[in-house]
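Hi everyone, thanks for making time this morning. Let's walk through one model together, with the picture on the screen.

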Amino acid sequence: MYIRTTNVDKFLSIMRIAVLPSWTFNKKTPVAGIYMYQQAKALSDFHDVEFLFLKWGLFNTNSEFLDGNLKVVSRSGFWLPKRNMFLLSFWVKKYYLLFKERHKASPFSIIHAHDALAGYAAFIISVRTGIPFVVTIHNTQFLDDQIPKWREKYISLMFKNANCVIAVGDKLFEKIKMKYKLENITQLPNFIDGELFKPFGIGKNDHFTFVSVGSLHPNKAFALLCRQYPNGSFKLIIIGDGKERRKLESFIKLNDLNENVLMPGWESNNKLPQILNRSHVYISSSRLETFGISPLEALACGLPVISTLSGGPEQFIN
């Protein structure tokens, strides 16, 4: 890993780390961005870690609590950092004030930002404080060149000034390295909780069950399967939500699949291993994935996985 420092011992001892996510989970989407939180919690077993985040809310509220060794600190307000540079700068200022408050209480050694929005906040904080920062990139927009033009300038600046840029997948690594001409970049896969996602030795569902986790998207292949085997007893469980939900519900109704397809919405990370263990096959049908935590969790539970060539899962699926 490339780290811009001459003091190697500092990075081998216990560090005080500020983790800044670009987004995080909430009651509506309980698993969105949860891997950032899980990584921070895993780090807290070895270092002094604080998970600092800005959450959505119409009113300013403060929250602080301990989750095991992890200190979680949040501030809420009405911010839209993805809209334009002015709103992003306002959001970054709020992040800086939160960081400054926590840094004053106990100085941080390093900042670990997740994705480009928090990465820009980390860059500004680093400029003002001199604290080194690393940024981990998860976003599929980097794979299919969907980054808005107004964001390219600050992203390039942030990448070039980071002490290390981390890409979670091989294809993402190559894409970012080539496009932004980076030398300070490495590839480090996401991880899963092996104590949570594992075979339970419980029985399978009575119906042969396919399961998929993620934002909702059209899944026409299952309709073809049910037509080809009209007497087959197949079920498809789609865990998640998204803008395609209404279209998908209409498709299910039109193809008479109401008895075959279940869409319970988002489920908690603690409930997912039970659903996976009782299913027979996991389906990953994404067009693009930077890595693919959900199919890896399914493999850890003992499920076969069928996946599209989306850029991420083929790193660990034969």
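Cysteine 164 has 0% relative accessibility, so this residue counts as buried, where buried means under 20% relative accessible area, exposed over 50% and partly exposed in between, with a 1.4 Å probe and protein chains only. Cysteine 301 is buried as well, at 4%. As for disulfides, meaning pairs of cysteine sulfur atoms within 2.5 Å, a search of the whole structure finds 0.

A quick word on what we are looking at: this is a predicted model, where local features need pLDDT of at least 70 and side-chain atom pairs count only at pLDDT 80 or more, while totals for chains, interfaces and linings use all residues. Residues are numbered from 1 along each chain as its sequence is written, and side-chain values use heavy atoms, with hydrogens and water left out.

Now the sheet. Helices (H or I, at least four residues) and strands (E, at least two) are DSSP runs, numbered from the N terminus, and two strands pair if DSSP finds at least two bridges between them. Here we have an open sheet of 8 strands with mixed pairing, in the order S3-S4-S2-S1-S5-S6-S7-S8. Strand S3 (62-67) and strand S8 (185-187) are the edges, each pairing on one side only. Strand S7, residues 164-167, runs parallel to S8 over 3 bridges, and isoleucine 166 stands opposite threonine 186 in S8.

What packs on the sheet and touches S6, S7 and S8? That is helix H6, residues 170-180. Its direction makes about 165° with that of S8; axes are lines fitted to C-alpha atoms, for helices over the stretch in contact, and angles run from 0 to 180 degrees between N-to-C directions. Contact, by the way, means heavy atoms within 4.5 Å.

Next, threonine 308, in the segment after strand S13 (305-307). Is threonine 308 buried or partly exposed? With a relative accessible area of 34%, threonine 308 is partly exposed. Leaving aside residues up to four places away in sequence, threonine 308 touches Ser284, Ser285, Ser286 and Glu314. A polar atom of its side chain lies 2.6 Å from the backbone oxygen of serine 286. Serine 279 is 29 residues away along the chain, and its C-alpha atom is 19 Å from that of threonine 308.

Last stop, helix H3, residues 85-105. Among its buried residues are Trp91, Tyr95, Phe99 and Arg102. Thanks, and over to you!

Notes: A polar contact is a pair of N or O atoms within 3.5 Å; within protein, one must be able to donate a hydrogen and the other to accept it, and residues adjacent in sequence count only if both atoms are side-chain atoms.
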